[in-house]
Each structure stands twice: as structure tokens, then as C-alpha cells.
Amino acid sequence: LCFLPTAEDIDSAIRIATEKIDVIEEGRSKHQNRASKDADAHCAITVLPLYGSLPHNLQARVFQTKPKHGNSNKNNNTKHTPTHHRRMIFATNIAETSVTIPDISFVVDSGFTKLPF
């Protein structure tokens, strides 16, 4: 869970994270002859936004601890593998005090805040 000040910052962070995940996945596919324990360490990553103006059905996705089967990689920023699953959630302060998101292991607060003009 990473707190950022605005929806625009979140959208930008999601784009950057998705690009980095794609590079990592591409590197893994080039080295498929790894030991089996390395293959077990491979995990799916779902990158999700959470902010106030996001439609309710998209906000609800952060509360799902496992991805639904049959979702397309292109539509939901999910890199599916059968072994493990992680959610990378980028949120505004909507999630800081008003909601509890299950199964969060790490929290990063950028320290930035949106100031009124």
C-alpha cells in the first residue's frame, strides 16, 4: 500500500509500476531454465488504484485478496501465475483512516500532500 497525494500521481505510479513489472517478466521469460525453487518464488502482481473519484466497482477490487479467474492481463494490470499473488495498491489518503484493506504487509507513505490553492 503506497500513499500518494492525487489521482494523477496514482495513475502515473501505476503506469511506471506496470512498465517495470513487464520488464521483470520479460527478463524472467528469457531465463526459463531456472531452478525449480526460483520458479516457486515467482508471483503474480496486481497493480490497483484507490481514490475517491474512482468508480465503486474499481475501488472494491482492492479488498479482493485473490484475483478472479479468467481476467485478462491487459484489462486489469495483473500478471497471472498459479503460485503466489501480491497486490500493489496506490491510494490517496481515502485509505489512510477510513478503510481497512485486508492482507497488507507493507505501507509506504510518500510524505507528500495535496495543498489547496
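The lining of the second largest pocket divides into six nonpolar, six polar and four charged residues. Here Ala, Val, Leu, Ile, Met, Phe, Trp, Tyr, Cys and Pro count as nonpolar, Asp, Glu, Lys and Arg as charged, and the others, Gly among them, as polar. This is a predicted model, so to speak of local features takes a pLDDT of at least 70 and side-chain atom pairs count only at 80 or more, while totals for chains, interfaces and linings use all residues. Residues are numbered from 1 along each chain as its sequence is written, and side-chain values use heavy atoms, with hydrogens and water left out.

The second largest pocket holds about 250 Å³. Of its 16 lining residues, Leu-4, Pro-5, Thr-6, Thr-92 and Asn-93 sit closest to the centre. On a 1 Å grid over the protein atoms alone, a pocket is an open set of points where a 1.4 Å probe fits, with protein on both sides within 12 Å along at least five of seven lines, and lining residues have an atom within 4 Å of a point. The volume is the space filled by probe spheres set on the points, which are joined across faces, edges and corners.

Thr-6 belongs to the loop between β1 (2-3) and α1 (7-30); helices (H or I, at least four residues) and strands (E, at least two) are DSSP runs, numbered from the N terminus. With a relative accessible area of 17%, Thr-6 is buried (under 20%; exposed is over 50%, partly exposed in between, with a 1.4 Å probe and protein chains only). Beyond four places in sequence, Thr-6 is in contact (heavy atoms within 4.5 Å) with Thr-92 and Lys-114.

Leu-115, in the segment after β4 (108-109), is exposed at 60% relative accessibility. Leu-115 and Pro-5 are 110 residues apart in sequence, yet 9.0 Å apart in space, C-alpha to C-alpha.

As for the largest pocket, about 370 Å³ of space lies in it. Its lining has 15 residues, with Leu-1, Arg-86, Arg-87, Met-88 and Ser-105 nearest the centre. Strand β3 (residues 84-91) supplies the largest share of that lining, six residues.

Then there is confidence: pLDDT, the predictor's confidence in each residue, runs from 0 to 100. The protein averages 78, and 74% of the residues score at least 70. Over residues 70-75 the pLDDT stays under 50, and the model has five contacts beyond four places in sequence for them. Where pLDDT is low, the predicted coordinates should not be read in detail.
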